[in-house]
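Take a look at the picture, then read on.

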Amino acid sequence: MPLEHIIVPNAIIPALRVNNKKQALQELSEKAAEISGLPAREIFDAWLQREKLNSTGLGDGIAIPHGRLLTADHIFGLFARLERPIDFESLDNQPVDIIFGLIAPESAGADHLKALATIARVLRNPATVAKIRATREPSALYSLLIRPSRSSDAA
């Protein structure tokens with residue numbers, strides 16, 4: 001599943017200022033609601049419920065909060081580069097400065113997992129992540145995110 005099917009250019013937050021995990025999820029929920037038309041509270045609650053199971057902080061400063069909503073009709077995501085790293089209770093106990101939030105329909109099943117795998121594959125590339133951390137321009141961040149999925153689709 002190419003990332004350009006998951007995220008749109010206006011779903012990029014180049015410099016999010018938050019102080020903690022809960023605030024990050026709240027801010028991202030508000031932006032996700034603007035993009036999707038879904039209630040911010042439902043998005044926030046879905047992500048919070050998932051975080052209660054286990055942190056979605058993968059390590060190396062990256063988190064991928066995700067959840068499923070009955071009211072969602074398609075998979076969508078948003079990306080934030082944080083102004084300052086925050087504690088996200090990550091697996092490696094390191095603070096997070098890159099967050100890719102994902103919402104999927106309750107019925108998405110395998111597509112939800114494919115979307116997560118695509119996001120993780122892009123954000124596991126050290127060269128891509130270094131460029132992301134050095135970039136503040138939303139359109140450049142969008143290009144960095146979708147370019148790896150395009151090149152792997154062509155292979």
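In which sense do S1 and S5 pair, and over how many bridges? They pair in the parallel sense, over 3 bridges.

## Before we start

This is a predicted model, where local features need pLDDT of at least 70, side-chain atom pairs count only at pLDDT 80 or more, and totals for chains, interfaces and linings use all residues. Residues are numbered from 1 along each chain as its sequence is written, and side-chain values use heavy atoms, with hydrogens and water left out.

## Strands side by side

Helices (H or I, at least four residues) and strands (E, at least two) are DSSP runs, numbered from the N terminus. Two strands count as paired if DSSP finds at least two bridges between them. Strand S1 covers 12-16 and strand S5 covers 76-86; Leu16 has Leu82 in S5 as its bridge partner.

On to S6, residues 96-105. S5 and S6 run antiparallel, joined by 7 bridges, and Arg81 has its bridge partner, Ile98, in S6. S5 is mostly covered, with 8 of its 11 residues buried (under 20% relative accessible area, with exposed over 50% and partly exposed in between, using a 1.4 Å probe and protein chains only).

## Helix H1

H1 spans residues 21-36 and reaches 22 Å from its first C-alpha to its last, close to the 22 Å expected at 1.5 Å a residue (that is, 1.5 Å times one less than its number of residues). Its buried residues are Lys21, Ala24, Leu25, Leu28, Ser29, Ala32 and Ala33.

What covers them? S1, helix H2 (40-53), S5 and S6 are among the elements that do. Just after H1, Gly37 takes a positive phi of about 80°.

## The nonpolar core

A nonpolar core is a set of buried Ala, Val, Leu, Ile, Met, Phe, Trp, Tyr and Cys residues joined through side-chain atoms within 4.5 Å. The largest one here has 53 residues, and those touching the most other members are Ile7, Ile43, Phe79, Phe100, Ile103 and Leu145. S6 supplies the largest share of this core, 7 residues.

Take Ile43: leaving aside neighbours within four places in sequence, its contacts (heavy atoms within 4.5 Å) include Ser29, Ala32, Ala33, Phe76 and Ile103.
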